[in-house]
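I opened this model to see how its chains fold and meet. My notes follow in the order I looked things up.

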Amino acid sequence: MKTALLKVNNLKVNLYTEHAAVRPVDGVSYSVAQSETVAIVGESGCGKTVMNFAPLGLMPTGVSIDVKGSIRFDGQELVGMSEHGLRLIRGKLISTIFQDPMSALNPSRLIGRQIAEVSELHLGHTTKQAEAWALDLVKLVGISDPEYRMKQYPHELSGGLCQRVMIAIAIAAEPKLLIADEPSTALDVTVQAQILKLLKDIQMRLNMAMVIITHDIGVVAGNADHVAVMYAGRIAEYGPVEEVLVNPKHPYTKGLISAIPRSEDPIGSPFRGLSGMPPYLEGPIRGCGFSPRCTAAIDRCSTSRPSFTQITNTNVLAACHIVNQSESQGAMN
Amino acid sequence: MTNNAVLKVENLVTHFKSVERGKVVRAVDDVSIELMPGEIVGLIGESGCGKSTLGRSIVGLEKPNSGKILLDGVDLSSLKGKSLRTSRRSIQYVFQDPYSSLNDRQTIGESIGEALLIIGIRDKKQRSKRIHELLDRVGLPKHLSDRYGRELSGGQRQRVAVARSLAVNPRVLICDEPVSALDLSVRAQVMNLFFDLQKDLGVACLFIAHDLALVRQAATRTYVMYLGSIVEAGSSQDINQNPGHPYAQALLSAIPNPDPRIERNRKAIPIIGDIPSPTDPPSGCRFRTRCPIVVDQCAETTPESITVSDGHYVACRFAERNG
């Protein structure tokens, strides 16, 4: 087993805005090994983005955050680290790609400058070195006509090209971990395929670990080694992609996977989905967050929080009373 | 069969002035489509291909340069004043983003009630009865009529938007990416609502989407659009099992499969680069700059639409008739 590059243990994040307090991350544990890809899937509002960005100090203004638990990254503890310490890590050891490349880039600065500034800051390059390095990166991410593109502004580029520029910025300091938040969601399906392939190639080249935050199971299937399925601020199920997606254990994972339209589905047949809606994360959830929508729920599901346990003969962990119960019955027989 | 179409679009052209002086954005360039009563038809293509402009032109949100829009055989451009307004009512639009399509200062009841006022239901009691009926129709509880849009979830808001468009008893709904802003688990609920409307009310839907998997299951027929023109049209089954146009083939091969065992061996047909600018579309076949099987002649002439099987048309010189 490879040693973990990132190890998150019992992470809790509280967010306080002017009007409300919410807990979008409620006791989450997972780890990412070097050169491995972990996908984090879940619906909007399940806490998947906050979980990854709040510990790095990346939150919207007007929100105060309270992070508890532990995040060990490459031997350092990130929770409670000073802003100065985080600055040395952000963009250098851990870098990020955001969902909407158009709004993540600075509209008033040239593409080349935005890439060069990263290596000036983190690698101590001179302007000239940084410009040359930026040109190499633009070539590396497969942008045609690189010299010309370097002198363009983001609004002159398509969404796919902007995302390639974002990737160039993210890898400029050759990070150990890349966190990609919905890297292909805003893009068309044909461009999505190009971007995901590019990320994979770069990962191989840099021997980099990757966390892909997504809601698209198809993206998980083709790109990740492990997957964490999140619901209501907690991980419902975690394990190798080929186990979790093929043989899901948690009722939420099962529902999510069966909701994907498949080519075998006859035309005009009803879509499968989950009834109800995801919960608001305002109050602490006593039992299992999924129990109001779960068809298999028993009394205990709404009163006590299920423990996150490994399922026998698998590498999968799930937080579900029903799964755990059948497990212990199986053990007794 | 053609004569019964509830909506027929013939050779529609919608161009915009470009910010670059003297240039024209050819958003929709000679497009013809038709919808049968109660039929769900898909319109797919990448962003920037003109699919939304086509939808907006049909409902009159954009002014087409030329071409005809026929509702029950009546050309809308021949109508004026009251008769035009009455006809237009029969075609309603459901927008992509339910967060911006509802007025946050109106209650749900007011929002739907406004549409009812327009068709002349002035009696308050009658109106509120109809609002409740419509909410019930889209699967929402009656008491939501006193709530504000901001208090509802995305799925609920999209249902309200559908209820509002149904208020005027339309025959055609133009749904522009109606579920792409919604989560997977809620998406199915809204999609099934469209099936119910089609079955119970006989409303025809033009379903504009970039999610091929969704259209594949929802629509009986599909149009594939690329850079302002239709490159392939046919039954969804034919297009999915036997796509004829290299663009449609590539688009379908790019859908990721949720099963990792299949996904890891999936062979996608590569398409290079991005969609070209519609201000300066390539000569001849518009897809030729990204096409994996392009030949020199593709730059010279625009390919004719070839019938590959009954009701399945492909605009590619390499398309062949099956059987």
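Predicted model: local features only at pLDDT ≥ 70, side-chain atom pairs only at ≥ 80, totals over all residues.

I then listed the secondary structure. Chain A holds twelve helices and twelve strands. Its radius of gyration is 21 Å, close to the 20 Å from the globule rule for 333 residues, so chain A is as compact as a globular protein of that length. I looked up the extent too: the C-alpha trace spans about 70 × 50 × 45 Å along its principal axes. Of the 333 residues in chain A, 48% are buried.

**Entry 1: domains of chain A.** I checked the domain assignment next. It gives domain 1 as 1–93 + 175–261 + 272–286 and domain 2 as 106–173. The C-alpha centres of these two domains of chain A lie 26 Å apart. Where they touch, 14 residues of domain 1 of chain A meet twelve residues of domain 2 of chain A. Which helix gives the most to the domain 1 side? I found H8(A), with seven residues. By class, that side of domain 1 of chain A has eleven nonpolar residues, two polar and one charged.

**Entry 2: domains of chain B.** I repeated the search on the other chain. Chain B is divided into domain 1 (2–90 + 170–314) and domain 2 (103–169). Their C-alpha centres are 29 Å apart. Domain 1 of chain B puts ten residues into the contact, and domain 2 of chain B puts in eleven. On the domain 1 side of chain B, helix H6 (residues 184–201) gives the most, with four residues. I sorted that side by class and got eight nonpolar, one polar and one charged.

**Entry 3: where the chains meet.** I turned to the contact between the chains. It joins 38 residues of chain A to 39 residues of chain B. On the chain A side, the elements that give two or more residues are helices H7 (159–171), H8 (189–206), H9 (217–223), H10 (241–244) and H11 (251–258). The largest share, five residues, comes from H9(A). By class, I noted 20 nonpolar, twelve polar and six charged residues on this side of chain A. I asked which residues touch the most other members of the largest nonpolar core. Among its 194 residues, they are Ile115(A), Val229(A) and Phe207(B). The largest share of this core, nine residues, comes from H7(A). Not counting residues up to four places away in sequence, Ile115(A) touches Ala134(A), Leu137(A), Val138(A), Val165(A), Ala168(A), Ile169(A) and Ala172(A).

**Entry 4: strand S10 of chain B.** I picked this strand to trace its partners. Is S10(B) enclosed or open? Six of the seven residues of S10(B) (residues 229–235) are buried, so this strand is largely enclosed by the rest of the structure. Strand S9(B) (residues 221–226) pairs with S10(B) in the antiparallel sense over six bridges. One bridge links Tyr226(B) to Ser229(B) in S10(B). S9(B) and S10(B) form a hairpin with two residues between them. In the turn, I noted that Leu227(B) has a positive phi of about 50°.

S10(B) also pairs with strand S12(B) (residues 312–314), antiparallel, over two bridges. There I found Glu232(B) bridged to Val314(B) in S12(B).

**Entry 5: Cys316 of chain B.** Cys316(B) sits in the segment after S12 of chain B. Why does Cys316(B) count as buried? Cys316(B) has 24 C-beta neighbours inside 10 Å, and the cut-off for buried is 20 or more. Leaving aside neighbours within four places in sequence, I listed its contacts as Gly244(B), His245(B), Pro246(B) and Pro303(B). I also checked another cysteine. Cys298(B) is 18 residues from Cys316(B) in sequence, and 8.8 Å away in space, C-alpha to C-alpha.

Methods: Residues numbered from 1 in each chain as written. Chains lettered and ligands numbered in written order. Contact = placed C-beta atoms within 7 Å. Nonpolar A, V, L, I, M, F, W, Y, C, P; charged D, E, K, R; others polar. Rg over C-alpha atoms; globule rule 2.2 N^0.38 Å. Buried ≥ 20, exposed ≤ 12 C-beta atoms within 10 Å, placed from the backbone. Domains from an automatic or database assignment. Pairing = 2+ DSSP bridges. Core = buried A, V, L, I, M, F, W, Y, C linked by C-beta atoms within 7 Å.
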